[in-house]
Amino acid sequence: MNFLRTASSLALRPSGHILTRRTALPATAFAVRYLSDSTKKTIEDAITRNKLVVFMKGTPDAPQCGFSRAVMQILTVQGVDMQNSLKSFNILADEELRSGIKEYSSWPTIPQVYVNGEFVGGCDIMLSMHQSGELEKLLLKEGLVEPEAEENPRA
């Protein structure tokens, strides 16, 4: 009888294995919507009203991550008028915008660059476009930089 009592009391106690087992649930069970209607409107207004928009960590004058700094350096080297042509958003100052912009673009990283309402990409894409010359062509086409004056040496 003692054996039955012990066996039945053990059966009622959860084992450590059961407590640590995780059940696979559909991904939608944990989907969280970060993009409120007001944040979506802020993003859409920004990218439709400005030719060049960067969602970044920090500000153009004081980037707070290396990737945001690199994008600002690329735009500076390209000749973008940072005071008049660039609209930037510091996502560190607004948690809803920080999460919402990732959902809006379906792009998981910051910074995010938009030109003429279109998502261009993040730091890696901007660097690749800069190196290939594609970024210069895009910025020229959109009127965000002036063509370089050709040197005409006189012989």
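In which sense do strand E3 and strand E4 pair, and over how many bridges?

**View 1. The E3–E4 hairpin of the predicted model.** Strand E3 (residues 112–115) and strand E4 (residues 118–121) pair in the antiparallel sense over 3 bridges; pairing requires at least two DSSP bridges between the strands. Strands are DSSP runs (E, at least two residues) and helices likewise (H or I, at least four), numbered from the N terminus. Tyr114 stands opposite Phe119 in E4. The hairpin has 2 residues between E3 and E4, and Asn116 in the turn has a positive phi of about 50 degrees.

**View 2. The crossing of H3 and H5.** The axes of H3 and helix H5 (residues 95–105) come within 10 Å and cross at roughly 70 degrees; axes are lines fitted to C-alpha atoms over the stretch in contact, with angles from 0 to 180 degrees between N-to-C directions. H3 is therefore roughly perpendicular to H5 (65 to 115 degrees). Contact, meaning heavy atoms within 4.5 Å, is made by Ser38, Thr39, Lys40, Ile43, Glu44 and Ile47 of H3 with Glu96, Leu97, Gly100, Ile101 and Tyr104 of H5.

View 3. Leaving aside neighbours within four places in sequence, Thr39 is in contact with Glu96 and Leu97.

Residues are numbered from 1 along each chain as its sequence is written, and side-chain values use heavy atoms, without hydrogens and water. For this predicted model, local features need pLDDT of at least 70 and side-chain atom pairs count only at pLDDT 80 or more, whereas totals for chains, interfaces and linings use all residues.

Conventions:
Parallel < 35°, antiparallel > 145°, perpendicular 65-115°, else oblique.
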